[in-house]
Amino acid sequence: MEKITKFQYLHNMLKQEIFTEKLRYGDRMPSINQLCDMYHVGVRTVKDVIAALREEGYIRTEERKNAVIVYKKDRPNEQILPVRFLFERRDAVLEVLRVMRQLYPSMFAQAVPLCTTADVMALRKILRGMDDLPLRRKLAVASSLFQRLLGRYGNPILLDLFIDLEFFTNLAVLDGFANPYDVLTTDAEQKIGGYIDMVSRGDVPGLQRVLEILYDNIYQFTLQYYDALARAYPQFVTHPQIGFAWYTQWAYPYAYLELARTVIDGIGTGLYRDGDFLPPVSAMSRDYSVSPQTVQKAIGVLVGLGLVRTFNGVGTRVTLGNLRNMDIRLEDSLMKKDAFAYLGALHVIVLSCRKIALIAFDHFTPDAVRTIEREVETIQNGFLLLDAFWRGIVDVQPFTALSEIFAQVNGLMKWGQCFVLARPIFIQGVVLCGRCKTALENIRTNDKDAFADTIESAFCYAFSALQKNLVSFGLTEAGTLAIPGVGVPILTSQ
């Protein structure tokens, strides 16, 4: 499946909102500026998508007013439109559900010790009268439970990912077919109330077990729904597929900062070594398709971080020695935003790495293992070695959706290379080198569980070290990100 454009992404997202009745007949769409903010795309993209939806008959536009939804699924032949859309996403929806089954039951359950009495009370309040609500409102209430649990980790990237995955798997419920959400919405108050009781009791393993069963059932109900649709509409079964796309990096759109991140990543991975000169401004402008002014602003960021020094008439030179001896202070708001995004991306890996390591373990090839062996032998910085090891794990695991997710996560982590080169953190990386060697030995001895445990412990150590240092650099909000089992009291029943 090819990478989709911003136009295709927004077009698909808005069609899905229409087909799943999040946007109903007669509703007004968000404004152009609101759509830009919500989906991190430009005005031109939004205008093009609105024009396409108008031409396709989904909306009506009016001068100086938000567009109005005119699609109605009960009109003759209009049910064909969501059927085609459903089949375009069939394979990806089923894969994403399998990914969610792997990641989220344990992630939700491990958030239980982070919950407060106020969280439980708020959930019980939302739950009242749930059985009397229409289908989409029931699903929204159920989602609010899971979002509140994830919210206790304090990481907006983690929450954004869950919302996008959940939205992608939302299906249009067509007349004449069994409701694929019966497993969640039948006797919803009792079912969701039982989950909340487990949160209140602090029953981590119990909640994980029931949520694993829930995700298994959702997958089976979804598969049955698609099978029924295939029997009714066999002409769409082989329709070209649309994959899951997550574009969290679009929330960090400044071109000069993106270029600065790319250069930082190059410094961290050894493309530009200590003492090397960066390419001339004209060459960087050409290679990265940005203006010379953007290159100059990016270099200014790197100078401010102590990564490079500019010499008039000579060029810009990498000066890591300065960075390792300087007192880093994060004061610029955009730098703070990037630094928090970097730590948030690492936090996502911490919470998911054990499951993904288990998935990947059986897919390591001799070539993949040899690549890891070379990296363990040659990369001296423990944080960079762990990053390379992780990329090897993601490369061999079989889920396309996970590859998409961690391509975005790794993109957000570019900024962090400058922090792992700073002396206080650089020294702590020695521990990570040892753990990476242990993980490699786990692969050689075919010890799957030990491998997953080693990877998880390495990332927990890396996260804790970086979080502590970023707080000392002035990023106080870094202290709000939580990982399970770190001095958090278990919630008692109310």
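**Helix H19 and its neighbours**

H5 and H19 lie roughly perpendicular to each other, because their axes cross at roughly 70° and angles of 65 to 115 degrees count as roughly perpendicular. Bear in mind that this is a predicted model. The two axes come within 8 Å. On the H5 side, the residues involved are Glu95, Val96, Val99 and Leu103, and they meet Thr400, Ala401 and Leu402 of H19. By type, the residues of this contact are 5 nonpolar, 1 polar and 1 charged.

Now H19 itself. Helix H19 covers residues 400-412, which is 13 residues. From first C-alpha to last it reaches 19 Å, close to the 18 Å expected at 1.5 Å a residue.

How much of H19 is buried? The count is 10 of the 13 residues, so H19 is largely enclosed by the rest of the structure. Among the buried ones are Glu404, Phe406, Gln408 and Asn410, along with Ala401 and Leu402.

What do the buried residues of H19 pack against? They pack against four helices: H5 (90-110), H8 (156-169), H16 (333-361) and H18 (382-396).

The last item is Asp119, in helix H6, residues 117-127. Asp119 counts as buried because its relative accessibility is 5%, and the cut-off for buried is under 20%. Its side chain makes a polar contact with the side chain of Arg148, at 3.1 Å. Leaving aside residues up to four places away in sequence, Asp119 touches Arg148 and Arg152.

That is what I have.

Terms used
Residues numbered from 1 in each chain as written. Predicted model: local features only at pLDDT ≥ 70, side-chain atom pairs only at ≥ 80, totals over all residues. Heavy atoms only, no water. Helix = DSSP H or I, 4+ residues; strand = E, 2+ residues; numbered from the N terminus. Buried < 20%, exposed > 50% of the residue type's maximum accessible area, 1.4 Å probe, protein only. Polar contact = N/O pair within 3.5 Å; in protein donor to acceptor, adjacent residues only side chain to side chain. Contact = heavy atoms within 4.5 Å. Expected span 1.5 Å × (residues − 1). Axes fitted to C-alpha atoms, helices over the stretch in contact; angles between N-to-C directions. Parallel < 35°, antiparallel > 145°, perpendicular 65-115°, else oblique. Nonpolar A, V, L, I, M, F, W, Y, C, P; charged D, E, K, R; others polar.
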